[in-house]
Each structure stands twice: as C-alpha cells, then as structure tokens.
Amino acid sequence: MSGQLILIIDCNSKNKHLTARSVRGMNVYCEVRPLSMQPEEIGSMNPIGMIFTGDADSVNDERFKTLSAKASERCIPVYTQFGETDMQRLKGFLFDTCGAAGDWTMQVFAKTGVESIRRQVGSGKVLLALSGGVDSSVVAALLSEAVGNRLSCIFVDHGLMRKNEGGEIEAVFRGRGLNLIRVDAESRFLKRLEGVTDPEQKRKIIGEEFIRVFEEEAKKIGKVDFLAQGTIYPDVIESGEDGQSVVKSHHNVGGLPDNLDFKELVEPLRMLFKDEVRALGAELGLPDYLVNRQPFPGPGLAVRIIGKITKEKLEILRDADAIFREEIANAKLDREISQYFAVLTNMRSVGASGGARTYDYTLALRGVTTTDFMAADWARIPWEVLEKASSRITAEVVRINRVVYDVTGKPPATIEWE
Ligand code: XMP
C-alpha cells in the first residue's frame, strides 16, 4: 500500500463521519483529528492533503488559517452534507490535487494489520474476551493470523444466547489455531438471576458474573502481555481522544476486571468503521452470518424475557426467535431490517388448541429500521411474512398461543423491551 494519508481536521462538524466515510469509500485512507492539533504533529504524520470539516464560520477561524497556511494548495474545506457536486469536488481534490493512489482496500489492510500486530506483540501472549459479536470476532480472526496460539480467547457462554449461537461461535474459531476457551457458565448465571425481575438489576448481575468468570479463566492462563479489544473508529472519534486508549466496557454491562495484569492494549480495528470491520471479517474468511449479524445485547435473552428468567422460558424464546429470524431470512429481509427479534412477555392469555382451552404466553415480535440505533422506526414487515412466522411459532413452539407485532418507534419506546 502507498501509505498515503489524508487528514480530516474536525472544526466541530456534524459531518466528520460522513466526510471520512466518503474519503475511505474512494479507497483513500484518512484519519479525523481535532482542530486543536499541533502543526508539528501534522508535519510528523506527513499527510498528502487535509480536509477541514465544519460550518463556514468555524472553518474560517484563526486556527484554521494557521494550520492550512503551510499546505494551502492541498487543503479543502467541506461545509455541507454531501451531494453529487461535493463528491466530484472531493474526488478531484483527492486524486488530482493530492495525487492519491486510491489503493486502500481491506485486502491490503488485512496484510498490513497482521504485520503491525506482529511488530507490536513480538513473542508476547495476547488475551481477548470473545463475545461472538462482529468486532471481537474480527479481532480474533486477525490476531490468530498474526500470532496463532499465542492468542487466548475467553468466550463466556452465559446461556442467554440465541439458538445454536454458542456452538456456531465455537465452530468458527476452533481450527483457527488460537487457544479458545469456551466457558459453559449457564447454571452460574441462571442461579444468580433466579427470581430477578428488574431490568437494570439483570444487567448488573450479568455484568458482575461475567467479570468473575472471566477473571477465573484468565488466572488459569497465567500471565499475558497484551489485552486485545475490538475498539472501532466511531468509538475513538466520539470519545474525542486520539492517542490514549482505555479498556472498553465489555458488553456495555460491567466492563472487564480492572486488576488484569497486562502491558499494553492491542486494538487492531481502532481505525476502521463498522462496515470496514465487516469487510475485513469477510476478507479473513469469517462466515457471512457472523460478519453481517445484527446487534445483540450483551445481557442477551435476559432482557428479552419480561419478568423472571427460567430455563423453560429461555427455551421457548430461543425456539420462537429462531423461527422468526428464519422467516425474515427466507423473505430476504435480513439485510433491510436493522434489528429483529422475539420477546417473551410475562403475559398469559386464553387460547384454543385442538378443541381444548389453553392458557399460555404471548410472544411479541419486534423489527426496527435505523441508522444509528439512537432513534428507530418500526419495520413495515409484509403481512404474509408475519403471518407465516406467527402460524409457525404457535404450531411449533410449546406454551405460546398468541403472537403480536410491536408497532412503536423509538422514541417513545426503546428497541429492546427491557
Ligand atoms: P435500546 O433498547 O436502548 O437499544 O433502544 C439500542 C441498541 O442497544 C442494544 N442494547 C444493548 N447492548 N448491552 C448491549 O450490549 C445492553 O445492555 C443493551 N441494551 C440495549 C440494543 O440491542 C440496540 O441495538
């Protein structure tokens, strides 16, 4: 790769992600930095060009003038949402003005990523908390290419995952040369969750128990030199920090133990956007269902069972959710709906089956479309798809005699029910 860099200087822009994505979309590598950046630092990074993003006022202020004086012929201000004209202007700037090669691809990144991990890690040992989500899975795949069995992955199976999920994750990573430790901790988690109904309490318990299990397993591995984590670029840009790293809160529920003894963090996805992480995962040979999976909350099905969690309820929900997901995939809607799942309500109602009266659970189906998960609309799933899912669920899953579809956006509702 040419190693060319475009610097995006953020002058309080709402569009900095968009600008960076547009540049990378043209296969040119770029990084976002704050306007407070020092000219010497810019010099040391040796960018082939700079883009200032912000509104007209912020891009014209004194700092902008100081920073852009030096390389004025290779600077461009970007003010607005990108239209076709802006894209053409940006393209002209990158390729004609700056002489960009346009050779930033995930194939190249995978190769240079492996090399830079090897440089950082040397002969050291690396530890990773593997959740089976996209980010930690791609980190595991990349690190295993780089350091093989000097990577240990602890996969805590809390028993709150979707149907077959634990086995699928294990199948993907066994045979990749890394040291995979799958901990079957279902009974521990269920015991601690017994009788708990409050959603935040559920999250707290799962977070704490996760830390305990992780700690116990990490102790068995002994001393490691590096802790790997799946920090991605939006986390870095959002936190406003561009140098220092912090241990990312795992599962957003409790974080990793803070007394882990390691020398340094390894964060090979720090500079990638989510879609680039997915592309990298595909490049590394991870299966499609893993790299393109929808978000799944760290506390898992615990926050999709309203009220008390029992093994029986978990089984009911797993079966129903699997059918719903299968029907969404059959209808080829799995890439169009941002998140879709089943929720086991705590409500029972009267039904009729085979001439007999039933008194069973109501299952709720939820599907949302969103770009950022901060706000969401309910997905307009075709009636036929809902009908198929509903008839299959009531016929194939015991203890469900009624299925409803959630037609509420966020706000006022949240995406999850708990
Ligand atoms: P809500 O329900 O807040 O969800 O609209 C927004 C997004 O966050 C996910 N979510 C979680 N993820 N731990 C997680 O790792 C959690 O406790 C949690 N709660 C919600 C949710 O699935 C959706 O994508």
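What percentage of the 418 residues of the protein chain count as buried? The figure is 52%. The points below concern a predicted model and proceed from the whole chain to single residues.

1. Overall dimensions. The radius of gyration of the protein chain is 24 Å, which agrees with the value near 22 Å that a compact globule of 418 residues would have. Along the principal axes, the C-alpha atoms fill a box of roughly 80 × 50 × 35 Å.

2. Secondary structure and contacts. The protein chain contains 15 helices and 13 strands. Among contacts with a separation of 6 or more, 76% are made by residues 24 or more positions apart.

3. The side chains include 54 positive and 60 negative ones, and 4 Å separates the centres of the two sets.

4. Helix α7. This helix spans residues 134-147, 14 residues in total. From the first C-alpha to the last it reaches 20 Å, close to the 20 Å expected at 1.5 Å a residue. Of its 14 residues, 13 are buried, so α7 is largely enclosed by the rest of the structure. Gly-148 follows the helix and has a positive phi, near 55°.

5. Ser-144 within α7. Ser-144 belongs to helix α7. This serine counts as buried because its relative accessibility, 8%, is under the 20% cut-off. When neighbours within four places in sequence are left aside, Ser-144 is in contact with Leu-151, Arg-176 and Leu-178.

6. Cys-11 in strand β1. Strand β1 covers residues 6-11, and Cys-11 lies in it. The relative accessible area of Cys-11 is 2%, and the residue is therefore buried. Cys-11 and Gly-54 stand 43 residues apart in sequence, while their C-alpha atoms are 4.7 Å apart in space. Strand β3 covers residues 49-54.

7. Asn-46. Although Asn-46 is not a glycine, its phi is positive, at about 50°. The residue is placed in the loop between α2 (39-45) and β3 (49-54). With a relative accessibility of 60%, Asn-46 counts as exposed, because the cut-off for that class is over 50%.

8. Asn-164. A positive phi, of about 65°, is also found at Asn-164, again not a glycine. Asn-164 sits in the loop between β6 (151-157) and α8 (165-173). Its relative accessible area is 54%, so Asn-164 is exposed.

9. Among the buried residues described here are Cys-11 and Ser-144.

Definitions and conventions. Residues numbered from 1 in each chain as written. Predicted model: local features only at pLDDT ≥ 70, side-chain atom pairs only at ≥ 80, totals over all residues. Heavy atoms only, no water. Helix = DSSP H or I, 4+ residues; strand = E, 2+ residues; numbered from the N terminus. Rg over C-alpha atoms; globule rule 2.2 N^0.38 Å. Buried < 20%, exposed > 50% of the residue type's maximum accessible area, 1.4 Å probe, protein only. Contact = heavy atoms within 4.5 Å. Lys, Arg positive; Asp, Glu negative; His and termini not counted. Charge placed at Lys NZ, Arg CZ, Asp CG, Glu CD. Expected span 1.5 Å × (residues − 1).
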